[in-house]
Amino acid sequence: MEPNNKPTTICHVVAMPYPGRGHINPMMNFCKLLASKRDEILITFVVTEEWLGFLSSEPKPPANIRFATIPNVVPSEKGRAADLPGFIRAVLTKMEEPFERLLERLERPQKPSVIMHDTYLMWAVDVGNRRNIPVASFWTQQMSVFTVFYHFDLLKQNGHFPINVSERGNELVNYIPGIPPTRIADLPAVFSGKVFDVVHTACEALSLVRKVQYLLLTSIYELESQTIDAIKAAIPTPVYSIGPSVPYYELGDNSSASTDSKNCETSYVQWLDSHPKSSVLYISLGSFLSVSRTQMDEIIAGVDMSCVRFFWVSRDDASRIKEGCGADLSNKGVVVPWCDQLKVLCHSSTGGFWSHCGWNSTKEGVFAGIPFLTYPIIGDQMPNSKTIVEDWKIGWKVRRGMGDEERLVTREEIASILRRFMDLESDEGKEMRRKAKELEEISRRAVSEGGSAETAIDSFIQDIS
């Protein structure tokens, strides 16, 4: 797809996300906010051809955001799931050349003002330096993950990498600046030494942050202030805490939705409308990697046994869920392949979120002010779960153990957990919901006028203009 050149603007941002849903969504959310702030800001959002197809079914972005494409790095997203290290190598070796060719075309008639790239796309730093274009690194995960990788040498110096997590997972790491004492098992799930290439890539990407002109964080400053302040003290790069970078600005706005999505949304919103306040458990275990088939069978049976009302989003297991939860499903639950997650989380009948703990889902749950059940699966989901359960105290962990020490969570256990979790009258449930509401207030203040996120976004616009 060839981008159409437009007349001169005050600022042209070229956005290059990592080709994955958890990275594209927050960058697009931020781009929409930038575009809404100033009509004169032009944004070229670069995706692979495959991702342009995925995004074409979603509501169109503002007029001053346009798409441009580069070739796919693997045949499909399934290739990514089957071989994550291979996919990462492809992203790091096959995207730079077509992206730079695209930049050459974009420089006529006006040179881009800034390249905003996902932090893991480290080649973008070299491209910006070669072409004398300022670079903004866009970090899409929790700041504790950033800090762990940035100070990774401390883990090696203290004998904590490589390490057998099954044997030493309960050992505490208490020497990383800005990070509270954390068990090895709660660090990003790449510390077993089995995927050293992934660790090496992350560390190299973080080391390059010192060479960029701007660092954008999708965190809410007030929720990670200690960690963010420690990073600000460690690097010379200007830092902007622009989080939560979730689509809060679209709540209550259906004007841009397609007819199909409106019809689907009307159906499930009507179902939510028909149930009492805080009575529905929202379940979403991610769109990329999932639990084992055996564990999924236990989860389905446990949800059914619990008799808890549920709203379950599952792209691949919908038929199994419907079959496992019985013929009278409509009376106790809804299963859909997709939904407007933030809208469902913010609905008055939603009372809890069973999540895989992706950072975007975590921030949306916090913004909605509801408690979590956590079932982390990969990568940064482990520290996100730890933050939810131990630091914020707004959730319980369902998963039992990691790696070779993981234990199957039975349907009976799951049913018991769900009944307790959705009991609005229990003392522990009330306290958890009170804390969740406190975080909701912090999140909403951050995006209001004069809030930390709004101030950071305005500052970034001023600096790149």
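Val366, Phe367 and Ala368 in helix H17 meet Ala436, Lys437, Leu439, Glu440, Ser443 and Arg444 in helix H20, where a contact means heavy atoms within 4.5 Å. By residue class, this contact of H17 with H20 comprises 5 nonpolar, 1 polar and 3 charged residues; Ala, Val, Leu, Ile, Met, Phe, Trp, Tyr, Cys and Pro count as nonpolar, Asp, Glu, Lys and Arg as charged, and the others, Gly among them, as polar. The model is predicted, so local features need pLDDT of at least 70 and side-chain atom pairs pLDDT 80 or more, while totals for chains, interfaces and linings use all residues. Residues are numbered from 1 along each chain as its sequence is written, and side-chain values use heavy atoms, without hydrogens and water.

H17 spans residues 359–368 and H20 residues 427–446; the two pack at an angle of about 100°, with their axes 6 Å apart. H17 is therefore roughly perpendicular to H20, a term that covers angles of 65 to 115 degrees. Axes are lines fitted to C-alpha atoms, for helices over the stretch in contact, and angles run from 0 to 180 degrees between N-to-C directions. Helices (H or I, at least four residues) and strands (E, at least two) are DSSP runs, numbered from the N terminus.

Serine 355 belongs to strand E13, residues 350–355. Serine 355 is buried, at a relative accessible area of 0%; buried means under 20% (1.4 Å probe, protein chains only). Its side chain reaches the backbone nitrogen of cysteine 357 at 2.8 Å.

Isoleucine 228, in helix H11 (residues 225–234), is also buried, with 0% relative accessibility.

Terms used: Angles under 35 degrees count as roughly parallel, over 145 as roughly antiparallel, 65 to 115 as roughly perpendicular and the rest as oblique. Buried means under 20% relative accessible area, exposed over 50%, partly exposed in between (1.4 Å probe, protein chains only). A polar contact is a pair of N or O atoms within 3.5 Å; within protein, one must be able to donate a hydrogen and the other to accept it, and residues adjacent in sequence count only if both atoms are side-chain atoms.
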